[in-house]
Amino acid sequence: MGRGKIEIKRIENANNRQVTYSKRRNGLVKKAKEISVLCNAKVSLIIFGGSKKMHEYCTPSAKLTDILDEYHRQCGKRLWDAKHENLNSEIDRMKKENDNLQIKLRHLNGQDINSLNHKELIVLEDVLENGVAYVRDQKMEVINSHRRNHKMLEEENKELNYYLQPLQPYLQERI
């Protein structure tokens with residue numbers, strides 16, 4: 001006895017729909033694996049369910065990008081445009097820039113300076129001297145600010161003592 005035919009339409013019951021989706025998805029992935037092994041075919045399968053969750057399968061001996069490139073060659077359809085391809089080059093450029101900045105930071109910390117030539121060492125020395133001068137300037141600003149605050153507090157203290165002098169005898173009697 002075989003299975004009966006079902007009408008292909010959306011399953012209204014959410015639970016039944018999820019169970020059917022799960023079973024059929026697993027069946028599709030199983031078939032993709034089988035055709036890949038039995039027929040030495042390159043297979044890529046991407047499924048997005050109703051909950052926006054992604055499931056995928058790709059032949060172990062192939063990369064998804066290789067399969068997509070082959071698709072591009074065969075169909076002439078582009079799945080992404082030059083803008084997206086430029087993003088990859090931009091990412092590579094930013095990675096290189098990040099690496100260069102990491103190297104410069106290590107040099108500023110006094111690490112890996114043996115690899116620098118004479119001119120680079122002179123530039124590094126100038127940068128460090130400028131940094132030290134800036135730190136000194138900031139330190140002097142803070143010191144001067146503290147001196148001004150100290151002077152203001154001393155003047156306030158003198159003023160308060162001046163107002164307190166006439167009350168001194170009265171306060172002594174109370175104690």
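A: Begin with accessibility: a residue is buried under 20% relative accessible area, exposed over 50%, and partly exposed in between, with a 1.4 Å probe and protein chains only. By that scale Y162 is exposed, at 58% relative accessibility. Y163, at 53%, is exposed as well. The model is a predicted one, in which local features need pLDDT of at least 70 and side-chain atom pairs pLDDT 80 or more, while totals for chains, interfaces and linings use all residues. Residues are numbered from 1 along each chain as its sequence is written, and side-chain values use heavy atoms, leaving out hydrogens and water.

Q: How many aromatic pairs does the structure hold?

A: The structure holds 1 aromatic pair. Y162 and Y163 form it, with 5.7 Å from centre to centre and 65° between the planes, an edge-to-face arrangement. Rings of Phe, Tyr and Trp (its six-membered ring) pair if their centres lie within 6.5 Å; planes under 30 degrees apart are stacked, over 60 edge-to-face, and the rest tilted.

Q: Which stretch does UniProt list for "domain: K-box"?

A: The record, an unreviewed entry, lists residues 84-170 under that name. Such annotations may be inferred rather than shown by experiment; their positions follow the numbering used here, and feature names are shortened. In the model, the chain over residues 84-170 is 86% helix and 0% strand, and its end C-alpha atoms are 86 Å apart. Helices (H or I, at least four residues) and strands (E, at least two) are DSSP runs, numbered from the N terminus.

Q: What is found by a search of the whole structure for salt bridges?

A: Side chains of opposite charge can pair when their charged atoms come close. The search finds 6 salt bridges, each a side-chain nitrogen of Lys or Arg within 4 Å of a carboxyl oxygen of Asp or Glu. One of them joins E90 to R93, where the closest N and O atoms are 2.6 Å apart. Another joins E97 to R93, with a closest N and O distance of 3.0 Å.

Q: Which residue meets D112 in a salt bridge?

A: The partner is R106, and the N to O distance is 2.8 Å. R106 is partly exposed, at 32% relative accessible area. D112 is partly exposed too, at 44%. The backbone of D112 is also of interest: its phi is positive, about 55°, although D112 is not a glycine. D112 sits in the loop between α3 (82-108) and α4 (118-164).

Q: Where is K52 found, and is K52 buried or exposed?

A: K52 lies in the loop between β1 (44-48) and β2 (54-58). K52 counts as exposed because its relative accessibility is 72%. Its phi is near 70°, a positive value in a residue other than glycine.

Q: How much space lies in the largest pocket, and what lines it?

A: Rolling a probe the size of a water molecule over the atoms shows where empty space is left. A pocket is an open set of points, on a 1 Å grid over the protein atoms alone, where a 1.4 Å probe fits with protein on both sides within 12 Å along at least five of seven lines; lining residues have an atom within 4 Å of a point. The largest pocket holds about 360 Å³ of space, the volume being that filled by probe spheres set on points joined across faces, edges and corners. Its lining includes R3, E7, K9, R10, Y21 and R24. The lining divides into 4 nonpolar, 1 polar and 7 charged residues. Here Ala, Val, Leu, Ile, Met, Phe, Trp, Tyr, Cys and Pro count as nonpolar, Asp, Glu, Lys and Arg as charged, and the others, Gly among them, as polar.

Q: Which helices supply the lining of the second largest pocket?

A: α3 and α4 each supply at least two of its residues. Among the lining residues are I103, H107, L108, L116, E120 and V127. This pocket contains about 210 Å³ of space, and its lining comprises 6 nonpolar, 1 polar and 2 charged residues.
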